[in-house]
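User: Could you walk me through this structure? I'm new to this, so please spell out the terms as we go.

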Amino acid sequence: MRGMIKRTVPLLLAAGMGLAATAWSAESLQDVMKRRSLSQQDLLAAAKTYVPTGKRDEFLAFSSGGQSGQVIVYGIPSMRILKYIGVFTPEPWQGYGFDEESKKVLAGGRIDGKDISWGDTHHPGFSETNGEADGQYLFINDKANPRIAVLDLRDFETKQIVVNPIFKSEHGGAFVTPNSEYIMQAAQYPAPLENRKYEPLSSMNEKYRGGITFWKFDRKEGRIKEKESFSFEAPPYWQDLSDPGKGPSDGWAFTNSFCSERYVGGIEDGRPPYEAGCSAKDTDYLHVMNWKKAAEMVKAGKGFKLINGHKVIMMETAIKEGLLYLIPEPKSPHGVDVTPDGKFIVIGGKLDSHASVYSFEKIMAAIKAGKFESKDAYGIPVIALKDAIHVQVQLGLGPLHSQFDSKPCVVYTSLYVDSQVAKWDYCEGKVLDKISVHYNIGHLMTMEGDTSKPAGKYLVALNKLSIDRFNPVGPLHPQNHQLIDISNSKMQLLYDMPFPLGEPHYTVAIDAKKLKPGVRYKVGTDSRTDKPHPSAAKAGEERIVKKGNKVEVFGTLIRSHITPEKIDAEVGDEVTIHLTNLERAQDETHGFTVSTYNVHASVEPGKTVTVKFKADKEGVYPYYCTEFCSALHLEMMGYLLVKPKGWKDTGKTLAKGSYTEADYKATVKKVVDTQAIIDSVVAYITSVNYKDFPDAVAMVEDAFDQLGHSKGLKEKHEGFAAKKDWENANLWAEQIWQYQVKCADLGIRAKTHLEQNGAKKVAK
Ligand code: K7E
Ligand code: CUA
């Protein structure tokens, strides 16, 4: 150990000198092309996607993690994965589901008093301001257990999970209104709306219902308000996806549906299966809703019925108040997307080869004129397709979802059966280009392509099958996200990205400049509530409180020690450990676990986290930091000592080390030498315009923050030296050096950063 420390000083010195070797490749570009069999086209694609070391992506994509119940963040155009975010599923790296704060978030997703520790995430949606993605929040749904989660993009953490009070499954969430007033969530498989209520399938038409929920979002609090949310009761058609109107159509919302046959399968009884019965008819229904009027009605306390304590606008009321209309849509539709200008609604036919473009203006004219072709079985007025359609375009087989370009009238639609993307003009109704993808595309996504201001440039095809595209990894294949350049008139396929965790369904992407995530919390923050943590501790305030059979620890973390380093408990005690990370430095996260007690916390700078468990077995349990946070990370540990009831320590003291005066003097010299290195680095930093480099400023601040912790230690070691207590004298001097090393490490990082980013000398 001590040998290693001795070697560290020259190492620091060498780094301080900035020994940068420049390696020139002996190979030319031509050589590499030949060696790797790359074409000109490949090189072009590589040049369009390659993000050089240290550089960043232009867009960030937030993908549903499918059956993993998570959200996955990656960069575009590099397709580099940046983060998995635990949402409906516990995720140990982030301590999600392993610390008390996040357990409370997950508990919001309990159904009938039971934990549901997975989710089938489908559709992420950004919060919007004036119809544009604003980079503040992300919402995502769980199809299997009808829920919605709220993620805050300041720290990329899940803050809230709400359970749909009336659905038993859902599909069409989360779709956000233009100013994030509401988040839409539509049902999928009809069921009785009352919870825990049985009705036989023979009463499908009378007792089973679909619906569309509007979750009220409180932007200031960043949370969904369950009590202010409401739903539309809908016929037992299988509501699918939704999209709220924008611009001229703001205030209205659109939900497509299929299986309007209301077919009930029963293959085991010899009945034709659902897939036959649900696609028998030529058309299904687009639901058109006036959500603004509905919201006002609900706010005024009128027009709804409470079902499971939730406000539901029954079909009868919706018809009477003119809140709900239907329009036929071609065969088993899938996907409904409002154009950026809010004038049209594009719907894919799935079993039809057309995409249908509905005109909002025509729909409104028909409603105003009371011009309906019929009513459905529940009395909902049906507008004739011909009275609502703007244009229908033959695209190919299996049109599903659509996304828009920054160029006016240009839309991209996925063709599932054809495994293609069609680029077409929805104003004129003509196909512009097609490109093959690999294989069986579901959703597709353009940059901010579902907002009122699409950014164009790139398209990602979210393919359901990858088959032969990647190195085989067993029968379960990754999915294939394919990056396509859409900046020119012909689309160009650029890159295949294996998507390794679930079937993602949908992804949304945003200009990275719109995101403003923090690098640290205010010291003592509970990140799940965004409020000061009541059990946070500052440096010097650490303590252990024992009351009856409860042991409560108020501790801190800083490189490279945990305070306290010993926790005493008796068998059967309930142990609660609150830890505050005192670091200010970017990326200095500490983790925390106690051996065999199934707890884990990720404590980012400033955060306070609590882990709790019952010390139900006698023994010695090391706890430690789980992030490699510094050279002495492995020393960042302590012991939980669980003693038998009534155990008395014998008064035997800890073994003494054998330190001499010479050891002490050597340590003091090391401290002096290291200070010289620090001084030289400081001299360099202050000789340049480092204040113009915020990252360098942060590192310098952190460096001095570290050094500041050594305050008072000089007096301490000198005091022990005066008493010839060489162990204490030596070790407290050594502790100064520990802080110096961290300070020097940061100072040198700042120096390198300044040198590499062209810092200039300033006049003294
Ligand atoms: Cu088409 Cu669930 Cu959006 Cu998947 S859904 S593809
Ligand atoms: Cu803190 Cu390792």
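User: Of the contacts in the chain with a separation of 6 or more, what share comes from residues 24 or more positions apart?

Analyst: A contact here is a pair with heavy atoms within 4.5 Å. Among the chain's contacts with a separation of 6 or more, the part that joins residues 24 or more positions apart is 63%.

User: Before we go on, what kind of model is this?

Analyst: It's a predicted model, where local features need pLDDT of at least 70 and side-chain atom pairs count only at pLDDT 80 or more, while totals for chains, interfaces and linings use all residues. Residues are numbered from 1 along each chain as its sequence is written, chains are lettered from A and ligands numbered from 1 in the order in which they are written, and side-chain values use heavy atoms, with hydrogens and water left out.

User: How many helices and strands does the chain have?

Analyst: Both are DSSP runs numbered from the N terminus: helices are H or I with at least four residues, strands are E with at least two. Counting that way, the chain has 14 helices and 44 strands.

User: What percentage of the chain's residues is buried?

Analyst: Buried means under 20% relative accessible area, exposed means over 50%, and partly exposed is in between (1.4 Å probe, protein chains only). The chain has 764 residues, and the buried share is 56%.

User: What type of pair do Phe 62 and Phe 126 form, and which strands does the pair tie together?

Analyst: Their centres are 5.4 Å apart with 85° between the planes, which makes the pair edge-to-face. Phe 62 is buried at 0% relative accessible area, and Phe 126 is buried at 6%. The two sit 64 residues apart in sequence, so the pair ties together strand 1 (residues 59–64) and strand 4 (residues 125–129).

User: Are the rings of Phe 214 and Phe 230 stacked or edge-to-face?

Analyst: Phe 214 and Phe 230 are both buried. Phe 214 belongs to strand 10 (residues 210–218) and Phe 230 to strand 11 (residues 223–234), so their pair joins parts 16 residues apart in sequence. The ring centres are 5.4 Å apart and the planes are at 10°, so this pair is stacked.

User: Which residues do ring pairs link into a cluster with those two, Phe 214 and Phe 230?

Analyst: Ring pairs make a cluster that includes Phe 214 and Phe 230.

User: Which ring does Arg 543 lie over?

Analyst: A charge sits over a ring if NZ of Lys or CZ of Arg is within 6 Å of the ring centre and within 35 degrees of the ring normal. Arg 543 is 4.0 Å from the ring centre, over the face of Phe 554.

User: Is Tyr 325 buried or exposed?

Analyst: Tyr 325 is in strand 17 (residues 324–330). Beyond its neighbours within four places in sequence, its contacts include Trp 252, Leu 286 and Phe 372. With a relative accessibility of 8%, Tyr 325 counts as buried.

User: And Asn 471, buried or exposed?

Analyst: Asn 471 is in the loop between strand 29 (456–463) and strand 30 (479–485). Its relative accessibility is 65%, so Asn 471 is exposed.

Notes. Phe/Tyr/Trp six-rings, centres within 6.5 Å; stacked < 30°, edge-to-face > 60°.
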